[in-house]
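Hello,

Here is the structure I promised to pass on to you. Please have a look at it first, and then read my notes below.

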Amino acid sequence: MTTNAKNVIVLGTQWGDEGKGKIVDLLTESADAVVRFQGGHNAGHTLIINGEKTVLHLVPSGILRPGVQCLVGNGVVIEPASLLEEIRKLEAAGVTVADRLRISRAAPVIMPYHIRLDQLREKARGGEAIGTTGRGIGPAYEDKVARRGLRMGDLLDARRLKKLLKPVMDYHNFVIQHYFHDQPLDFDNTYQQALDWGAALKNNITDVTSELHQLQNAGKSLLLEGAQGSLLDIDHGTYPYVTSSNTTAGNAATGTGLGPTDLDYVLGITKAYTTRVGSGPFPTELFDDNGRLLAERGVEFGATTGRPRRCGWLDLVALKRAVRINGVTGLCITKLDVLDAFEDIKLCIEYVDDAGQPMAFPMSTSAWKAVKPRYISLPGWKTQTRGITHWHDLPENAKTFIHTIEKYTGSPAHIISTGPDRTENIIRHNPFSSHST
Ligand code: GDP
Ligand code: IMO
Ligand code: MG
């Protein structure tokens, strides 16, 4: 590993829940450290090992590989109470976390008023609600950009914390009371809570950027774990129905302090179909029996909020866009087995308008609403692919399905996932190695 060190980004190319957690866990067999670079505990990453399920929100998905270091970069927003609870649960299950987890001093803190504001705003939006996870993600990133936010390092200095917290709480309490007509938050309680969080996490809070540089100097391989998906990106997604961070590959550098030229490979994960949680455009969404079959076979319920996920066919127009935005080196297609029961499988290959004319990539909600997907239909394979680990064992129709995705997006499918378990994969090319199998 030390001679051929590589740094690999793993991210979602859709609206999240592509199976990032599973694939990060799989690939950390070849990595020395895993780093989160954006998002917060809005993420829900599911790992299944020997039938046992673990859902991670903030702790990187390398934690179930003993010896792999886990880091949370400056681009991540951290709600310390949830993080402490996640650590407690993992440790209760026998996983060592405290010694292996490093948290950036520069990561913004999600405070109780951010959570309150997120929920009050969603309520106020009524029918236009974004359908956020209600975790305070948006308001915490706003405070970062407004240059008034607290960072994890600030929790370690009582005097500085008090000085910073007072004006920011006055500001948010004013909005909570006078704009939303809700109860203000208590300063003393919040201050004490923040001090307690700092005390509990003080051994984990550090200069993550320097630690990453040291790992690099020592020839270690790093895996950068994305959260959410490219269509939820604040700049490139279906704005305003997006999350508040850049979920795309460029932020793997900014959100950690690694340089863009340090990053060798981008693995773009896509389901063999599409899902979305929350509101917003979704051209290939299905409201028929096929949609219900995808939801049922794919067990499509949010890992963080438990909400049912909207389901539809794979959208190759959006995927191709995501491949370019992220500079995807190779694709990972997950949940192929979910399609085992389908007679015919559709792929959206073009966006057209009401008159059947080709459309440019939509740049507004109204343009998204005008999209009519144009599909090609491929015959299903109607046989079990679940658990297949060799390419040559796949049915021909499944190979054709995968080749069609490769051809349309111009990106090779390096990994195919055929079930939720860590072992259920076809690895055609391991991103950490220089040769294909
Ligand atoms: P993430 O947010 O991208 O990590 O994805 P989630 O964990 O939220 O959602 C993915 C879901 O699909 C989880 O329940 C996984 O256990 C499951 N999953 C992942 N890969 C596969 C696969 O190839 N087949 C099936 N049937 N389930 C999968
Ligand atoms: P993982 O990492 C799917 C969605 C929410 C909402 C929008 C904004 O598991 O793929 P936010 O709370 O971030 O302000 O909500 O983004 N969303 C996700 N959808 N998977 C996720 O994470 C998500 N994180 C946020 O449903 O539509
Ligand atoms: Mg998820």
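Helices (H or I, at least four residues) and strands (E, at least two) are DSSP runs, numbered from the N terminus. With that in hand, the loop between strand S13 (330–334) and S14 is where Lys335 is found.

Some notes on conventions before the rest. This is a predicted model, in which local features need pLDDT of at least 70 and side-chain atom pairs count only at pLDDT 80 or more, while totals for chains, interfaces and linings use all residues. Residues are numbered from 1 along each chain as its sequence is written, chains are lettered from A and ligands numbered from 1 in the order in which they are written, and side-chain values use heavy atoms, with hydrogens and water left out.

Now the overall picture. The chain holds 12 helices and 17 strands. Its radius of gyration (taken over C-alpha atoms) is 22 Å, which agrees with the value near 22 Å that a compact globule of 437 residues would have; the globule rule is 2.2 Å times the number of residues to the power 0.38. The C-alpha trace spans about 65 × 55 × 40 Å along its principal axes.

Of the 437 residues, 57% are buried (buried means under 20% relative accessible area, exposed over 50%, partly exposed in between, with a 1.4 Å probe and protein chains only). Among the contacts (heavy atoms within 4.5 Å) with a separation of 6 or more, 76% are between residues 24 or more positions apart.

Next, the sheets. Two strands pair if DSSP finds at least two bridges between them. An open sheet of 3 strands has the order S12-S14-S15, with mixed pairing. Strand S12 (314–315) and strand S15 (372–379) stand at its edges with a single partner strand each, so one side of each is left without a neighbour in the sheet. Strand S14 (residues 344–352) runs antiparallel to S15, and 8 bridges join them. One place to look is Glu350, whose bridge partner in S15 is Arg374.

Strand S16 (residues 413–417) is worth a look too: 5 of its 5 residues are buried. S16 pairs with S13 in the parallel sense over 3 bridges, and Ala413 in S16 stands opposite Leu331. S16 also pairs with strand S17 (residues 425–427), here in the antiparallel sense over 3 bridges, with Ser417 opposite Asn425 in S17.

Finally, which backbone details might you check? Most residues other than glycine have a negative phi, and most peptide bonds are trans. Lys335, in the loop already mentioned, has a positive phi of about 60° although it is not a glycine. Lys335 is partly exposed, with a relative accessible area of 21%. Gln228 also has a positive phi, near 55°, but counts as buried at 8% relative accessibility. Gln228 lies in the loop between S8 and H8. Pro240 is found in that loop too, between strand S8 (222–225) and helix H8 (250–254), and the peptide bond from Tyr239 to Pro240 is cis, with omega near 5°.

Best wishes
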